[in-house]
Amino acid sequence: MTGTNGRSATGGEGSAQAAHGRPPTAPEVATVDDTVAAVVRQWQAVQPGLDTAPMEIIGRINRCAALLQQAEDAPLRRAGLSRPEFDLLGALRRTGHELTPSELARETFSSGAAVTKRLKQLTERGLVDRRSDTRDRRVAHVRLTDAGRDLVDGILPAQLAYERTVLSGLGTDRRTELSALLSQLLGRLEGRPGAPEV
């Protein structure tokens with residue numbers, strides 16, 4: 001953690017190395033005095049014995065995710081889409097073929113009922129088409145219309161450009177390291193067998 005002056009609270013070793021021209025190693029890189037640091041200080045003040053170390057990581061992941069989604073949802077709202085609706089369109093676009101509602105539910109981590117409701121809205125807007133299976137009319141196959149594909153292709157590059165700008169403050173090695181650590185954490189949360197310890 002850092003104090004309000006931005007210096008490492010663990011001592012001056014990193015500063016001393018920087019003064020001698022040696023770049024700090026990964027553990028010595030100080031965090032900024034962000035909103036999560038303020039929350040942690042408040043908890044430590046009212047409950048000094050509380051281990052807030054997990055909050056310093058998970059809290060920052062949650063805060064980053066909320067801010068990123070807030071920024072990236074703005075163009076979706078302008079297009080009249082919700083994030084879950086765009087996720088459905090994106091799943092159809094990236095897989096490149098028709099999907100059943102149950103497959104879309106798995107792809108987007110949604111319930112079947114939620115997918116059915118969203119597909120109805122997207123169909124009414126002319127962004128997806130549905131057709132019945134020739135062997136089992138209870139099964140539907142969903143595909144993007146030209147309008148749906150054009151909408152996804154128009155929004156996604158702008159979102160990626162924004163994400164690229166956000167990450168531009170991190171060097172290539174830092175981005176690679178962060179991606180690997182988040183992949184390991186996600187693997188553990190998803191319960192994938194053999195996921196390495198973070």
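Leucine 68 is found in helix α3, which spans residues 53-78. Residues are numbered from 1 along each chain as its sequence is written, and side-chain values use heavy atoms, with hydrogens and water left out. Here's the rundown, starting with the overall layout.

**Layout**

- The protein chain has eight helices and two strands; helices (H or I, at least four residues) and strands (E, at least two) are DSSP runs, numbered from the N terminus.
- Reading from the N terminus, the order is α-α-α-α-α-α-β-β-α-α.
- Of the 198 residues in the protein chain, 24% are buried; buried means under 20% relative accessible area, exposed means over 50%, and partly exposed is in between, using a 1.4 Å probe and protein chains only.
- Taking contacts in the protein chain with a separation of 6 or more, 48% are between residues 24 or more positions apart; a contact means heavy atoms within 4.5 Å.

**Confidence**

- Mean pLDDT for the protein chain is 84, with 81% of its residues at 70 or more; pLDDT is the predictor's confidence in each residue, from 0 to 100.
- Helix α4 gets the highest confidence, at a mean of 96, while α1 (residues 13-19) gets the lowest, at 42.
- Residues 1-27 have pLDDT below 50, and beyond near neighbours in sequence this stretch has 30 contacts in the model.
- Where pLDDT is low, the predicted coordinates should not be read in detail.

- Leucine 68 is partly exposed, with a relative accessible area of 30%.
- Leaving aside neighbours within four places in sequence, leucine 68 is in contact with Tyr162 and Val166.
- The C-alpha atoms of leucine 68 and valine 166 are 9.0 Å apart in space, although the two are 98 residues apart in sequence.
- Leucine 76 also sits in helix α3, and it counts as buried because its relative accessibility is 1%.
- Not counting residues up to four places away in sequence, leucine 76 touches Leu81, Ser82, Arg83, Phe86, Ile155 and Gln159.
- Between leucine 76 and leucine 151, which are 75 residues apart along the chain, the C-alpha separation is 9.8 Å.

**The second largest pocket**

- This pocket holds about 180 Å³ of space. On a 1 Å grid over the protein atoms alone, a pocket is an open set of points where a 1.4 Å probe fits, with protein on both sides within 12 Å along at least five of seven lines, and lining residues have an atom within 4 Å of a point. Grid points are joined across faces, edges and corners, and a volume is the space filled by probe spheres set on the points.
- Its lining is made of Arg83, Phe86, Asp87, Gly90, Ala91, Arg93, Arg94, Glu107, Thr108, Val152 and Leu156.
- Helices α4 (83-95), α5 (101-108) and α7 (146-167) are the elements that give two or more residues to that lining, and α4 supplies the largest share, with seven.
- By class, the lining has four nonpolar, two polar and five charged residues; Ala, Val, Leu, Ile, Met, Phe, Trp, Tyr, Cys and Pro count as nonpolar, Asp, Glu, Lys and Arg as charged, and the others, Gly among them, as polar.
- Arginine 83, in helix α4, counts as buried because its relative accessibility is 18%.
- Setting aside residues up to four places away in sequence, arginine 83 touches Gln69, Glu72, Asp73, Leu76 and Gln159.

**Strands and a loop**

- Strands β1 (residues 128-132) and β2 pair in the antiparallel sense over five bridges; two strands pair if DSSP finds at least two bridges between them.
- Serine 132 has alanine 140, in β2, as its bridge partner.
- Strand β2 (residues 140-144) is mostly covered, with four of its five residues buried.
- Phenylalanine 109 lies in the loop between α5 and α6 (112-124), and its phi is near 55 degrees, a positive value in a residue other than glycine.
- Phenylalanine 109 counts as exposed because its relative accessibility is 73%.

Conventions
Predicted model: local features only at pLDDT ≥ 70, side-chain atom pairs only at ≥ 80, totals over all residues.
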